[in-house]
Structure formats: C-alpha cells, structure tokens
Amino acid sequence: MTADNAPEENVSGANPMDEPEAGYLRMVEALLFAATEPLDEASMSARLPEGADVPELLSQLRDHYASRGVNLVQVAGKWAMRTAPD
C-alpha cells in the first residue's frame, strides 16, 4: 500500500502469481530438493493443500529451472531435481 492507502501498482507489468499458488510452488520445490529419490505426483499431492494443481506446478517449476544449473526432470514417471547436463 502507498501512503494514501491506495493499492500499489504492479510496475513490471507482469501478472503477479496469487499467494496460494506461490506457496504451493515453494512447497513442491522444497519437497523435490529434500527428497532422496524421485517423487511421483500422487505423493507430492498428498503433502500439499487440497486443490493444488501438481501437474501445473511441476510445469511452472520445470520452466523456471530450464536455464539454470539444476533442472526439474522426469525420471521413470517420477520427478527430481538434477544438475543441468551442461
């Protein structure tokens, strides 16, 4: 909020992610980094709040990490963080 209590404008022009979805992304990310083995969507879904769209969250995380030093990859139908091939 600004000093006159008017909502702040999004200066970047990007659509801000809603807070619950951002929280779900953080949870999926944490699960994947903490896991010692690849995780299936059902086990991630069981650890997230009801209504979390796990396939969509995984897609967003895969896109986010695509150009980074670690990537989200599918391994035998499950998901894991792995170092980038390069």
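Modeller: Let's take helix α3, where Val54, Leu57, Leu58, Leu61 and Tyr65 are buried. Buried here means under 20% relative accessible area, with exposed being over 50% and partly exposed in between (1.4 Å probe, protein chains only). Looking down the axis of α3, you'll see those buried residues fall within an arc of 100°, so they line one face of the helix; the arc is taken from the directions that run from the helix axis to the C-beta atoms.

Keep in mind that this is a predicted model: local features need pLDDT of at least 70, side-chain atom pairs count only at pLDDT 80 or more, and totals for chains, interfaces and linings use all residues. Residues are numbered from 1 along each chain as its sequence is written, and side-chain values use heavy atoms, with hydrogens and water left out.

Now the helix itself. α3 covers residues 54-65, and its 12 residues should span 16 Å at 1.5 Å a residue, which agrees with its end C-alpha atoms being 16 Å apart. The expected span is 1.5 Å times one less than the number of residues in the helix.

What sits against that buried face? The buried residues of α3 pack against α1 (19-34), α2 (41-47), β1 (70-75) and β2 (78-83), where contact means heavy atoms within 4.5 Å. The chain has 3 helices and 2 strands; helices (H or I, at least four residues) and strands (E, at least two) are DSSP runs, numbered from the N terminus.

In soluble globular proteins, nonpolar side chains tend to be buried together.

Leaving out residues up to four places away in sequence, Met44 touches Val28, Leu31, Leu32, Leu39, Val54, Leu58 and Trp79.

Next, the partner helix α1. α1 has 16 residues and reaches 22 Å from its first C-alpha to its last, close to the 22 Å expected at 1.5 Å a residue. Its buried residues are Tyr24, Leu25, Val28 and Leu32, and they cover an arc of only 100° around the axis, which puts them on the same side of α1. Over on the other side of α1, Glu19, Arg26 and Ala34 are exposed. The buried residues of α1 pack against α2, α3, β1 and β2.

The rings of Phe33 and Tyr65 have centres 6.2 Å apart and planes at 65°, so the pair is edge-to-face. It links distant parts of the chain, with Phe33 in α1 and Tyr65 in α3, 32 residues apart. Phe33 is partly exposed at 45% relative accessible area, whereas Tyr65, at 9%, counts as buried.

β1 and β2 pair in the antiparallel sense over 6 bridges; two strands pair if DSSP finds at least two bridges between them. Asn71 stands opposite Arg82 in β2, and Val73 stands opposite Ala80 in β2. Their hairpin has 2 residues between the strands. Ala76 lies in that loop and has a positive phi of about 50° although it is not a glycine. At 80% relative accessibility, Ala76 counts as exposed.

Methods: Rings of Phe, Tyr and Trp (its six-membered ring) pair if their centres lie within 6.5 Å; planes under 30 degrees apart count as stacked, over 60 as edge-to-face and the rest as tilted.
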